[in-house]
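Here is my note for your first look at this entry. Keep the structure open while you read.

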Amino acid sequence: MQHKHLLIAPDDISRAVEQYRTPFHLYDEAGIRAAVRRLNAAFAWAPNFRNYFAVKATPNPAILDIVVSEGCGLDCSSFTELIMAARMDLRGDAVMFTSNNTPVDEYRFARKLDACINFDDIGHLDWLLDQDVALPELISFRYNPGADREGNTIIGRPAEAKFGATRAQLHQGYAAAKARGTTRFGLHTMVASNERNADYFVTTADMLFGLAGELHDALGIEFEYINLGGGIGIPYRPEDEAVDIERIGAGVQRAYTEHLIARGMRPPRVVLECGRVLTGPAGMLVTTVRHAKSTYRNYVGVDASMADLMRPGMYGAYHHITVLGATPQPDDARYDVVGSLCENNDKFAIDRPLPAVASGDIMVIHDTGAHGRAMGFNYNGKLRCGEVLLRSDGRLQLIRRAESIDDLFATLVEPEA
Ligand SMILES: *Cc1c(COP(=O)(O)O)cnc(C)c1O
């Protein structure tokens with residue numbers, strides 16, 4: 001079994017284990033900052049480039065603060081995520097609202113924040129007017145290329161995806177907005193998730209910039225921003241290669257020049273909505289071995305469960321596991337690493353080669369910094385674990401406590417007699 005580098009040094013992880021009860025997610029501030037800087041550098045050529053960090057990936061204000069201080073805006077897709085942005089005093093240009101099947105209250109609140117709104121459906125414009133919600137000055141739609149693109153396993157095939165509007169609908173939607181007097185436009189798509197092929201994103205840029213050019217020529221409109229979405233992947237497996245971010249930046253620049261500049265269009269901002277690639281590798285789930293048992297297979301039961309990280313159970317996603325120890329041990333055992341839910345997919349790993357472990361050993365589940373804690377749930381009345389941040393200066397800070405039983409009971413209502 002190949003080994004995988006841990007972004008946080010084992011000594012720092014041990015220090016966190018002494019200070020906080022496992023399980024917890026542990027994040028690395030320096031790692032997050034380095035990832036944002038790398039992305040920003042790859043797009044330094046683009047006028048006013050900005051990544052809008054997808055709040056859903058790691059919805060913790062301490063983490064959002066870090067990415068915002070590095071220049072990110074926030075990409076919100078729900079009421080709560082908009083509230084998180086508002087609580088950080090972010091407004092206008094700093095907030096992207098990319099939602100679907102959107103409730104009117106969320107549109108109202110996004111309008112109050114003067115957020116950039118990407119409409120998932122052209123019909124929402126008239127629907128909002130019917131409900132007395134003023135349309136934003138800047139109108140942007142989400143494009144779904146349908147059968148023109150393959151997609152990938154996590155996000156699915158665009159032709160089967162619920163998101164966005166067709167090419168013909170976009171022509172109609174922008175024409176209708178223009179007829180209504182709109183003069184400011186944006187364009188959005190998001191067709192990949194956890195994609196590690198740099199050229200996939202360049203193809204998306206060719207597709208979307210080409211479409212912007214087509215809409216410009218057909219309708220005489222200019223775009224203020226073109227949003228290529230998120231979805232840049234990370235190497236979850238030790239043998240996976242990291243994404244060549246610089247190759248994406250250079251390829252998107254070539255597409256930008258070819259489709260937009262050469263056409264004489266006013267240069268739009270290029271924006272992204274990446275979450276995973278910025279915080280994913282900078283987070284890890286630290287958990288203690290509770291029991292080991294052998295039946296038809298060998299099991300290791302840990303104190304975390306799928307309530308704290310459901311990607312393996314939900315998508316069969318691979319997360320590397322390191323057993324913390326003074327010296328690396330050979331992987332001479334094979335285990336299913338499991339939580340304690342009454343669900344057989346509550347497994348962090350299946351038949352995984354690992355060093356032999358004993359009760360009390362610390363396991364580190366890698367790459368949980370995005371779509372990790374955030375996806376958790378309370379089935380079986382499981383309490384989701386807390387979050388700890390390793391600051392760049394070496395301090396450890398608790399940035400979310402673990403849930404308590406009282407948290408779970410807080411929503412119950414005694415029936416009236
Ligand atoms: C989930 C999501 C993102 C972020 O995806 P990552 O894989 O974390 O980069 C961005 N935009 C939209 C609309 C999303 O749904």
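The points below go from overall build to the inside of the fold.

1. Start with the source. This is a predicted model. Treat every value here as computed from that model.

2. Next, the build. The protein has 12 helices and 17 strands.

3. Turn to burial and surface. Of the 417 residues, 55% count as buried. The protein exposes about 18,300 Å². Carbon and sulfur atoms supply 49% of that area.

4. Check the charges. There are 43 positive and 54 negative ones. Their mean positions are 0 Å apart.

5. Look inside. In soluble globular proteins, nonpolar side chains tend to be buried together. Here the largest nonpolar core has 88 residues. Tyr174, Phe209 and Phe223 have the most contacts inside this core. Helix H8 (residues 198-219) gives the core its largest share, 11 residues.

6. Zoom in on Phe223. Which residues does phenylalanine 223 touch, not counting those up to four places away in sequence? They are Tyr174, Phe185, Gly186, Leu187, Ala212, Leu215, Met265, Arg266 and Pro268.

7. Another core, of 18 residues, lies apart from the largest one. Among its members are Leu285, Ala304, Leu309 and Ile321.

Notes. Residues numbered from 1 in each chain as written. Predicted model: local features only at pLDDT ≥ 70, side-chain atom pairs only at ≥ 80, totals over all residues. Heavy atoms only, no water. Helix = DSSP H or I, 4+ residues; strand = E, 2+ residues; numbered from the N terminus. Buried < 20%, exposed > 50% of the residue type's maximum accessible area, 1.4 Å probe, protein only. Areas by Shrake-Rupley, 256 points an atom, 1.4 Å probe, with all protein chains shown as cover. Lys, Arg positive; Asp, Glu negative; His and termini not counted. Charge placed at Lys NZ, Arg CZ, Asp CG, Glu CD. Core = buried A, V, L, I, M, F, W, Y, C linked by side-chain atoms within 4.5 Å. Contact = heavy atoms within 4.5 Å.
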